[in-house]
Amino acid sequence: MADVETYDSSDERIDLGSGVTLPKSWRARVSGEQDVPGTITVRVEWDELLRRTAVSFAALEREADGVDITSQVLREVRTHWIMTRSALDVVTVDVGTEDGGERDRIPVREFLSRVRAQEEREPLESLHAAISVYRVATAISYPPLKLVADTLQISQSTATRLMSRARDSGLAPEVRIQEPRRAPAVDPYNPGQAFDPPAPHRGPAQPGGPSIGR
């Protein structure tokens, strides 16, 4: 199993709204990647033109003498996977506290797990939860509509309608309905394991579950 070490995170953070923030840049070091006989190093930066994170530098150092870094080996380097996996270590979400005091800053994995575990939401709660998850997806370079559907446990079509409503109402003008890329094999709730849930998810049949636009 590949070992991912995230380091050298920038003190400057990008605020995406909904309490979602991430460092402007960071580095990740990966060893033990299957079919890659060496250590991979990448630098990830927030790209203002793309309005998402992007890999700005990637390198592969061979592990020992007798190893040749060929074009075939380089094709096995999963830069998108590394970017998303390392982002899970540095992205945070500020959430309200029960007593209404100062907001808590929690790891993104904990935030997603909390949202996923919530079974009942009012329509407006579902809309704001979808916006927050969409912004998390932008921060970790994960297909946003897929993450919204998987986390709120609704169908992809319902997620699309939710995000269209968020964009058209002006609550999340940055929303793009077309998915930009395939999801990397990363479980955003438990990144030590691969993630391939059945698709599409369906919302709960009983009253009280996410139901906007269904």
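Which residues does Arg135 touch, not counting residues up to four places away in sequence?

Author: A note on the basis comes before the answer. This is a predicted model, in which local features need pLDDT of at least 70 and side-chain atom pairs count only at pLDDT 80 or more, while totals for chains, interfaces and linings use all residues. Residues are numbered from 1 along each chain as its sequence is written, and side-chain values use heavy atoms, with hydrogens and water left out.

Leaving out residues up to four places away in sequence, Arg135 touches Leu16, Gly17, Ser18, Val20, Leu171, Ala172 and Glu174; contact here means heavy atoms within 4.5 Å. Arg135 sits in helix H4, residues 123–140. Helices (H or I, at least four residues) and strands (E, at least two) are DSSP runs, numbered from the N terminus. Arg135 counts as buried because its relative accessibility is 11%; buried means under 20% relative accessible area, exposed over 50%, and partly exposed in between, with a 1.4 Å probe and protein chains only.

Two of these neighbours can be described at the atom level. The Arg135 side chain makes a polar contact with the side chain of Glu174, at 2.7 Å. The Arg135 side chain also reaches the backbone oxygen of Leu16, at 3.3 Å. A polar contact is a pair of N or O atoms within 3.5 Å; within protein, one must be able to donate a hydrogen and the other to accept it, and residues adjacent in sequence count only if both atoms are side-chain atoms.

In H3 (residues 108–117), Val108, Phe111, Leu112 and Val115 are buried. Seen down the axis of H3, these buried residues fall within an arc of 95°, so they line one face of the helix; the arc is that of the directions from the helix axis to the C-beta atoms.

Ile177 counts as partly exposed, because its relative accessibility is 26%. With residues up to four places away in sequence left out, Ile177 touches Leu145, Thr160, Met163, Ser164 and Arg167. The C-alpha atoms of Ile177 and Thr160 are separated by 6.6 Å, although the two residues are 17 residues apart along the chain.
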